[in-house]
Amino acid sequence: NAHNVAKRIKTNTTYLSKVINSEFNKNFSTYVNDLRINYAIVSLKQNAQFRNYTVNAIAKELGYKSADSFTKYFKKDTGLLPSFYIKKLNEVA
């Protein structure tokens, strides 16, 4: 969360939020979700073993509390459900 990140980099949450907003034009939560989804996409493309994980296991690996939340953000960013995205990657591989 923003508090932990701010503490780790020795700043406060207000400053952290302002920097993320000004640099990336998004709030902290959206920024973190985008990082998670990008990590998922790269990992799924590059790691065949990662593609064998269940959607629930991928969600937990990325720090989501539920597979539904991960699926919602994944579909929002890619236009595809994670399971369909994985299926398409496996067809190409």
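In helix 6 of this predicted model, the residues Ala 67, Phe 70, Thr 71 and Phe 74 are buried, where buried stands for a relative accessible area under 20%, exposed for over 50% and partly exposed for anything in between, with a 1.4 Å probe and protein chains only. Seen down the helix axis, these buried residues fall within an arc of 100°, so they line one face of helix 6; the arc is taken from the directions from the axis to the C-beta atoms. The face turned away from the buried side carries the exposed residues Asp 68, Lys 72 and Lys 76.

Helix 6 covers residues 67–78, helices being DSSP runs of H or I with at least four residues, numbered from the N terminus. Its 12 residues reach 16 Å from the first C-alpha to the last, close to the 16 Å expected, which is 1.5 Å times one less than the number of residues. Among the elements covering its buried residues are helix 3 (28–46), helix 5 (55–61) and helix 7 (82–92). Gly 79 follows helix 6 and has a positive phi, near 85°.

Turning to helix 1 (residues 2–8), Ala 6 is found there and is buried, with a relative accessible area of 1%. Leaving aside residues up to four places away in sequence, Ala 6 touches Thr 11, Asn 12, Thr 13 and Leu 16, a contact being heavy atoms within 4.5 Å.

Residues are numbered from 1 along each chain as its sequence is written. Local features need pLDDT of at least 70, side-chain atom pairs count only at pLDDT 80 or more, totals for chains, interfaces and linings use all residues, and side-chain values use heavy atoms, without hydrogens and water.

Methods. Helices (H or I, at least four residues) and strands (E, at least two) are DSSP runs, numbered from the N terminus.
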